[in-house]
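Please look through the sequence and the model below before reading on. The paragraphs that follow take up a few of its parts in turn.

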Amino acid sequence: MKTQSSAIAPSRIAVSGRPKASLGTLQAALGVTAFSLTFPATAWGLEGFGPWSLVAVRSVLAALIAGVCLLSLRVPLPARRHWAGLVVVAGGVVAGFPLLTTLALQTSTTAHAAVVVGLLPLTTALMSALRVGTRPSRTFWVAALAGAAAVLAFTVQQSGGALSTADLYLFAALLVCAAGYTEGGRLARVMPGWQVIGWALPLCLPLTVPAAVVALSFEPVQLTFHSVAGVLWVAAGSQFLGLVVWYRGMAAIGIPKASQLQLAQPLLTLVWSVLLLGEQLTVAAPLTAAAVLVCIAVTQRARG
């Protein structure tokens with residue numbers, strides 16, 4: 001009898017891990033869906049807000065939402081050893097990425113920005129390998145590089161072979177966001193995922209509140225349906241709720257695999273750019289979509 005029970009135990013453990021992985025994949029996918037609306041919502045917000053005002057106001061609103069959740073649930077302060085990581089998350093995800101991409105969207109279309117940021121999965125995987133010490137398989141890296149190459153080829157084709165100032169902003173955004181994602185994914189293994197962004201947002205209030213006051217005094221504001229809806233989405237959807245499910249997903253399935261789901265993000269953004277902004281796509285878009293979806297399937301099956 002002891003032999004039978006010991007033989008059955010491993011299979012139970014293996015089966016029980018599958019629902020957790022499936023839930024983690026679903027959570028990461030929901031985060032990607034929320035992020036895919038960020039650029040169209042930012043474009044809407046820029047119709048009534050200046051770039052500095054938009055970034056500061058969205059951060060303040062998101063911090064207020066996070067603060068209410070933390071206070072209502074009486075969440076204790078994180079351990080001292082976690083604060084350095086939270087600063088990295090705040091600098092990369094709360095401040096750096098929103099500011100750099102908003103500045104880029106002043107002169108770039110959302111479709112172009114989306115495909116440049118499509119390099120984020122590879123950047124995040126590289127950051128993860130350096131910071132966390134993950135070692136994905138060779139198949140994983142081949143598929144990830146193929147997906148990144150497809151996105152890069154699409155970007156170069158769309159821009160006529162020359163990079164603009166907006167592209168430089170976007171490449172810088174890739175680096176700071178990948179650092180924030182990697183550190184947030186690491187922290188989500190030792191604390192609830194929603195608390196990672198929940199504490200990172202209020203951490204920026206000493207900077208974002210004065211920045212909002214100064215920016216609003218210098219940049220004109222026009223409150224329209226588009227501008228208000230855009231600000232509300234990037235604050236509540238992209239910068240809080242999206243990151244909550246994203247970090248939970250990364251903690252469940254691992255940073256490299258979760259990051260590869262983001263290869264679908266630029267394709268979703270292309271759809272939103274057509275539906276919400278009326279932008280026109282080229283023939284290369286569906287071809288890139290097919291190539292990227294194949295890469296996602298391969299990376300999700302590859303074992304690290």
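What covers the buried residues of H5? The cover includes helix H2 (38-45), H4, helix H6 (120-131), helix H7 (138-158), helix H8 (165-187) and helix H13 (265-277), where helices are DSSP runs of H or I with at least four residues, numbered from the N terminus, and contact means heavy atoms within 4.5 Å. In helix H5 (residues 110-117), 8 of the 8 residues are buried, so this helix is largely enclosed by the rest of the structure; buried means under 20% relative accessible area, exposed over 50% and partly exposed in between, with a 1.4 Å probe and protein chains only.

This is a predicted model, in which local features need pLDDT of at least 70 and side-chain atom pairs count only at pLDDT 80 or more, while totals for chains, interfaces and linings use all residues. Residues are numbered from 1 along each chain as its sequence is written, and side-chain values use heavy atoms, leaving out hydrogens and water.

The structure also holds 6 aromatic pairs, that is, rings of Phe, Tyr and Trp (its six-membered ring) with centres within 6.5 Å, counted as stacked when the planes are under 30 degrees apart, edge-to-face when over 60 and tilted for the rest. In one of them, the ring centres of Phe35 and Trp246 lie 5.9 Å apart with the planes at 75°, so the pair is edge-to-face. Because Phe35 belongs to helix H1 (residues 2-36) and Trp246 to helix H11 (residues 225-253), the pair ties together parts that are 211 residues apart in sequence. Both Phe35 and Trp246 are buried, and together with Tyr181 they form one aromatic cluster.

Arg74, by contrast, counts as exposed, at 76% relative accessibility.

Methods. Helices (H or I, at least four residues) and strands (E, at least two) are DSSP runs, numbered from the N terminus.
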